[in-house]
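Here is a short note on charged side chains in the model below. Please read it with the structure open.

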Amino acid sequence: PAPPRPLRGSCPPRQFLRRQQVLQLYRKVLRAIREVPGAAERRSLTDWAREEFRRNKEATDEDAIRMMITQGNMQLRELQRTLKLAKS
């Protein structure tokens, strides 16, 4: 018998996990942006985040993707720190 065909749209486990990391980062960034005071600033940051993720959507190089995730997490932590300082 023929081996089972992969499901359409499925990807290797490593790629699946990396995709989950990217989506998790994206959600965290958008949640953090919701805390930014000022509608104009929130809109600007939301547009920036969406454009950054959209611009890199087609990236396939594993090392480059890992680096972008690391940079994104660093930027997220910086935003969270800034928001925390602004509230205190």
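1. Lys28 is partly exposed, because its relative accessibility is 36%. The cut-offs are these: buried means under 20% relative accessible area, exposed means over 50%, and partly exposed is in between (1.4 Å probe, protein chains only).

2. A word on the basis. This is a predicted model, in which local features need pLDDT of at least 70, side-chain atom pairs count only at pLDDT 80 or more, and totals for chains, interfaces and linings use all residues. Residues are numbered from 1 along each chain as its sequence is written, and side-chain values use heavy atoms, with hydrogens and water left out.

3. Lys28 sits in helix α1, which covers residues 13-34. Helices here are DSSP runs (H or I, at least four residues), numbered from the N terminus.

4. How many salt bridges does the whole structure hold? The search finds 7. The criterion is a side-chain nitrogen of Lys or Arg within 4 Å of a carboxyl oxygen of Asp or Glu.

5. One of them pairs Arg18 with Glu62, with the closest N and O atoms 2.7 Å apart. Arg18 is in helix α1 and Glu62 in helix α3 (residues 62-87), so this contact ties together parts 44 residues apart in sequence. Arg18 is buried, at 15% relative accessible area. Glu62 is partly exposed, at 24%.

6. Helix α2 (residues 39-55) holds the pair Arg54 and Glu51, 3 residues apart, or about one helical turn. Their side chains form a salt bridge at 4.0 Å, N to O. Arg54 is exposed, at 55% relative accessible area, and Glu51 is partly exposed, at 41%.

7. Arg55 and Glu52 also lie in helix α2, 3 residues apart, about one turn of the helix. Their salt bridge has an N to O distance of 2.8 Å. Arg55 is exposed, with a relative accessible area of 53%. Glu52 counts as partly exposed, at 27%.

Terms used
Helices (H or I, at least four residues) and strands (E, at least two) are DSSP runs, numbered from the N terminus.
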